[in-house]
Amino acid sequence: MAQVVELPGESSPLTLQNVLSALVLAASSTQQQVQTGTKQLQNWETQEKYYSFLQDVFLDYSVPAEVRYLSIIQLKNGIDKYWRKSAINGIKKEEKDRIKIRALQAGLVEPAPLLALQNALMIAKIMRSEFPHDWYG
């Protein structure tokens, strides 16, 4: 049976399953897997729906906590880079609206304190960027 070897920097199509797989690699304890997963996540940073997929992973309680944590950190960091209207390859309004609504809902029900904190910090970043002109709850 042939084994599949993932090469660092090889780009996979952006799908929820591929984002989850890259996050699992990036959260691994093996340095090569961490590098491969991280590089793949970086390749998707400017693609539409990437941040929604990160949030999908964060909202899935069946995913290991360390992978959920990495997904919310990646999402929070993406807010810094791509949320502003003037950002090159910025997140589109429809995706922003979806992320905001789901982040507020998640903040009410997230059982893990550390994950709830990161979600709250992400919401704070969004509010600082949008309030008072573009923010609505």
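Author: Trp44, Tyr50, Tyr51 and Tyr82 form one aromatic cluster. The model is a predicted one, and a search of the whole structure finds 3 aromatic pairs. Tyr50 and Tyr51 make an edge-to-face pair, with 4.8 Å from centre to centre and 70° between the ring planes. Both of these tyrosines, Tyr50 and Tyr51, are buried.

Tyr51 also pairs with Tyr82. The centres of these two rings are 6.1 Å apart and their planes meet at 40°, so the pair of Tyr51 and Tyr82 is tilted. This pair links distant parts of the chain, since Tyr51 belongs to helix H3 (residues 50-59) and Tyr82 to helix H4 (residues 65-82), 31 residues apart. Burial may be judged against a cut-off of under 20% relative accessible area. Tyr51 has a relative accessibility of 2% and therefore counts as buried. Tyr82, at 11% relative accessibility, counts as buried as well.

Arg68 lies over the face of Phe58, at 5.1 Å from the ring centre.

The surroundings of H3 and H4 include helix H6. The buried residues of H6 pack against H3, H4 and helix H5 (93-109). Helix H6 itself covers residues 113-130, which makes 18 residues, and reaches 26 Å from its first C-alpha to its last, close to the 26 Å expected at 1.5 Å a residue. Its buried residues are Leu115, Gln118, Asn119, Met122, Ile123, Ile126 and Glu130. Viewed down the axis of H6, these buried residues fall within an arc of 140°, so they line one face of the helix. An α-helix has 3.6 residues a turn, so residues three or four places apart point the same way. On the other side of H6, Pro113 and Arg128 are exposed.

The chain has a mean pLDDT of 90, and 89% of its residues reach 70 or more. Residues 1-9 stay under 50 in pLDDT, and the model has 6 contacts beyond four places in sequence for them. Where pLDDT is low, the predicted coordinates should not be read in detail.

How values were computed:
Residues numbered from 1 in each chain as written. Predicted model: local features only at pLDDT ≥ 70, side-chain atom pairs only at ≥ 80, totals over all residues. Heavy atoms only, no water. Phe/Tyr/Trp six-rings, centres within 6.5 Å; stacked < 30°, edge-to-face > 60°. Buried < 20%, exposed > 50% of the residue type's maximum accessible area, 1.4 Å probe, protein only. Helix = DSSP H or I, 4+ residues; strand = E, 2+ residues; numbered from the N terminus. Lys NZ or Arg CZ within 6 Å of the ring centre and 35° of its normal. Expected span 1.5 Å × (residues − 1). Arc of directions from axis to C-beta. Contact = heavy atoms within 4.5 Å. pLDDT = per-residue confidence, 0-100.
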